[in-house]
Every structure is written in structure tokens, then in C-alpha cells.
Amino acid sequence: MADLHVNYESQPEYDELKFIQNPDVPLDWRVEKMKLSKDKTQIVYNDFLTLDGIPEKTYDYRLGNRSALEWIINQYCVKIDKRSGIVNDPNRADNPQYIVKLIGKVITVSLETVKVVEGLPDLDLG
């Protein structure tokens, strides 16, 4: 499991994730702020792209009070620091699809982690 987490960026992308493209909007991999659907099966990535088919088990792997995927959705957005005016932009000009690929990898890591944890024997405290 350590290898899975340390090398999360080299994990395969979740292959059942569907890319729903809006034909009325030009191709765009840029993220401003992502939004999770109410049933948590979709991420509205931007006006061009919605990611569909997120398994419910993805949310069972948690980092504190939220899942790893919810952490990504919250952190990977354009933010402007109110005091300094500095813009924090997670988009990568050298790799425009980085964030969408990261989402696929985080889903894989989450599902694999849950599978390992569920396979562990019960802890005998007695």
C-alpha cells in the first residue's frame, strides 16, 4: 500500500471514467473550480467537460474529514490571495490534461486502498 500511495502519480487512471464533452464549447482542459454532483457520480470539470462514472467506494478512502477525491476537487482550483493578490493556478501549460489525469489516478488509488483495507483481518483487542 505504501508503493500505491508514494507513487500515486504513476498509477493507471481509472478506466471506467467517462468524459462527457459539451459540443457547444471549445475543447478546454483548464480548471477554474470543479464541482461534484449531488450524487457524487460526476465532476463538472469545466464548461467543456464533465467526468462521469465515479464509483461510490471512491469516497470510502478519506484524508481526515473528506475523501482524497474531494480534497483534489477542493484544492485544484484557481485561487487569488486576498491580501497579496497572488494567483494560485494549478493548471500546467506544459501538461494541460494533468488535473483530469490526476483525478483518474486518485480514483484508482482510492479504490485500491479501500480494497486492501477491507481485506485486512479484524484487529483482536482482547
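The model is predicted. The protein has 126 residues, and 37% of them count as buried. Its secondary structure comprises 3 helices and 8 strands. Read from the N terminus, the order is α-β-β-β-β-β-β-α-β-β-α. Along the principal axes, the C-alpha atoms fill a box of roughly 60 × 40 × 30 Å.

Next, contacts and surface. Take the contacts between residues at least 6 apart in sequence: 60% of these join residues at least 24 apart. The accessible surface is about 8,400 Å². Carbon and sulfur atoms account for 52% of that area.

Now zoom in on strand 4. Strand 4 spans residues 49-52. It pairs with strand 1, residues 18-21, through 4 bridges, and the two run antiparallel. Strand 4 also pairs with strand 3, residues 42-44, again in the antiparallel sense, over 3 bridges. Strands 3 and 4 form a hairpin, with 4 residues between them. Asp-52 ties into both pairings. It is the bridge partner of Lys-18, and it is also the bridge partner of Gln-42.

What covers the faces of strand 4? Both faces are covered. Leu-49 and Leu-51 are buried on one side, and Thr-50 and Asp-52 are buried on the other.

Which residues does Leu-51 touch beyond its neighbours within four places in sequence? The contacts are Leu-17, Lys-18, Phe-19, Thr-41, Gln-42, Ile-43, Tyr-45, Val-100 and Ile-103. Among them, Lys-18 and Phe-19 fall within strand 1. Gln-42 and Ile-43 fall within strand 3. Arg-30 is 21 residues from Leu-51 along the chain, and their C-alpha atoms are separated by 14 Å.

Asp-60 gives a contrasting case. Asp-60 is placed in the loop between strand 4 and strand 5, the latter being residues 62-63. Is Asp-60 buried or partly exposed? Its relative accessibility is 46%, so Asp-60 counts as partly exposed. Asp-60 and Ser-110 are 50 residues apart along the chain, yet their C-alpha atoms are separated by 7.6 Å.

Key: Residues numbered from 1 in each chain as written. Predicted model: local features only at pLDDT ≥ 70, side-chain atom pairs only at ≥ 80, totals over all residues. Heavy atoms only, no water. Contact = heavy atoms within 4.5 Å. Buried < 20%, exposed > 50% of the residue type's maximum accessible area, 1.4 Å probe, protein only. Pairing = 2+ DSSP bridges. Areas by Shrake-Rupley, 256 points an atom, 1.4 Å probe, with all protein chains shown as cover.
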